Amino acid sequence: MHHVLQLDIQGTPQAWITAEDAALHYATGTVAWEEGDSPLVTLRGGWNVARGRQSLMVIQPIIALRGSPRRNLFEVTPAVSKPKLLRRDRCTCAYCAQVFLEKDLEAEHIVPDSKGGAYSWTNLVSACRSCNARKGARTPEQAGMPLVYLPYVPSLWEDFLLRGRNVRADVHEWLSARLPKGSRLN
């Protein structure tokens with residue numbers, strides 16, 4: 001399924017929407033501007049008998065909507081999920097620094113859940129099963145296993161890339177150009 005990156009008028013990502021939802025924005029005239037190397041999809045409608053032509057709507061992969069956003073997404077912390085966490089950490093174990101397949105990694109609490117550690121971006125890292133078992137219900141200091149990288153909360157642009165959709169190359173480039181300098185996704 002093709003997804004369109006919906007932005008506010010200033011270019012801040014708001015949501016991934018379907019091509020059909022984007023068509024509603026085109027039809028109601030709420031699309032302020034659009035981006036993309038080529039159309040994402042062309043939707044075909046009914047036939048105009050008087051003109052003998054079929055209606056067409058060309059949907060671009062990135063659209064910005066008129067008006068102000070309903071909420072300021074800079075004030076929203078992206079939701080944590082295991083797939084996004086593993087992608088944030090580039091599938092690298094935080095203890096042994098080896099790269100693994102996603103299926104071979106676990107979301108590991110720095111401060112263990114049993115000791116009140118939160119399920120949050122700053123308390124979770126990717127860990128291989130071996131390191132996770134060896135660390136157990138201890139902190140990295142108690143286990144003598146220092147972290148090889150620090151966890152962080154992804155930016156809004158990083159979060160849109162981490163969601164794991166099949167992102168077209170031109171949309172990926174557009175989002176990547178807006179990543180913070182220290183982003184692991186660069």
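Visitor: Where is Tyr26 found, and what makes that element a helix?

Guide: Tyr26 is found in helix H1, residues 19-28, and the name rests on DSSP, whose runs of H or I with at least four residues are called helices, while runs of E with at least two are called strands, both numbered from the N terminus. This is a predicted model, in which residues are numbered from 1 along each chain as its sequence is written, and local features need pLDDT of at least 70. Side-chain atom pairs count only at pLDDT 80 or more, whereas totals for chains, interfaces and linings use all residues, and side-chain values use heavy atoms, with hydrogens and water left out.

Visitor: Which residues does Tyr26 touch, and what counts as touching?

Guide: Contact means heavy atoms within 4.5 Å, and, leaving aside residues up to four places away in sequence, Tyr26 touches Val31, Glu34, Met57, Val58, Ile59, Gln60 and Ile63.

Visitor: What makes S3 and S6 a pair?

Guide: S3 and S6 are joined by 4 bridges and run antiparallel, and since at least two bridges are required, they therefore count as paired. One example is Val31, whose bridge partner in S6 is Leu65.

Visitor: Why is a group of residues called a nonpolar core, and which residues touch the most other members of the largest one?

Guide: The name is given to a set of buried Ala, Val, Leu, Ile, Met, Phe, Trp, Tyr and Cys residues joined through side-chain atoms within 4.5 Å. In the largest core, which has 15 residues, Leu5, Trp174 and Leu175 touch the most other members. At least two residues each come from strand S1 (3-7), strand S6 (62-65), helix H5 (156-162) and helix H6 (169-176), and H5 gives the most, with 5 residues. Apart from this core lies another, of 14 residues, including Leu86, Tyr95, Met145 and Tyr149.

Visitor: Why is the pair of Glu102 and Arg87 called a salt bridge?

Guide: A salt bridge requires a side-chain nitrogen of Lys or Arg within 4 Å of a carboxyl oxygen of Asp or Glu, and the closest N and O atoms of Glu102 and Arg87 are 3.5 Å apart, so the pair qualifies. Glu102 lies in the loop between helix H2 (82-88) and strand S7 (105-109) and Arg87 in helix H2, so the pair ties together parts that are 15 residues apart in sequence. By this rule the count comes to 10 salt bridges.

Visitor: Is Asp159, which meets Arg163 in a salt bridge, buried or exposed?

Guide: Buried means under 20% relative accessible area, exposed over 50%, and partly exposed in between, with a 1.4 Å probe and protein chains only. Asp159 has 3%, so it is buried, whereas Arg163, at 36%, is partly exposed; their side chains meet at 2.9 Å, N to O.

Visitor: What makes Arg90 and Cys91 worth a look?

Guide: Phi is near 55° in Arg90 and near 55° in Cys91, a positive value in a residue other than glycine in each case. Arg90 lies in the loop between H2 and S7 and, at 44% relative accessibility, counts as partly exposed, while Cys91, in that loop too, counts as buried at 14%.

Visitor: How confident is the prediction?

Guide: The predictor's confidence in each residue is its pLDDT, from 0 to 100; the mean for the protein is 92, and 98% of its residues reach 70 or more.
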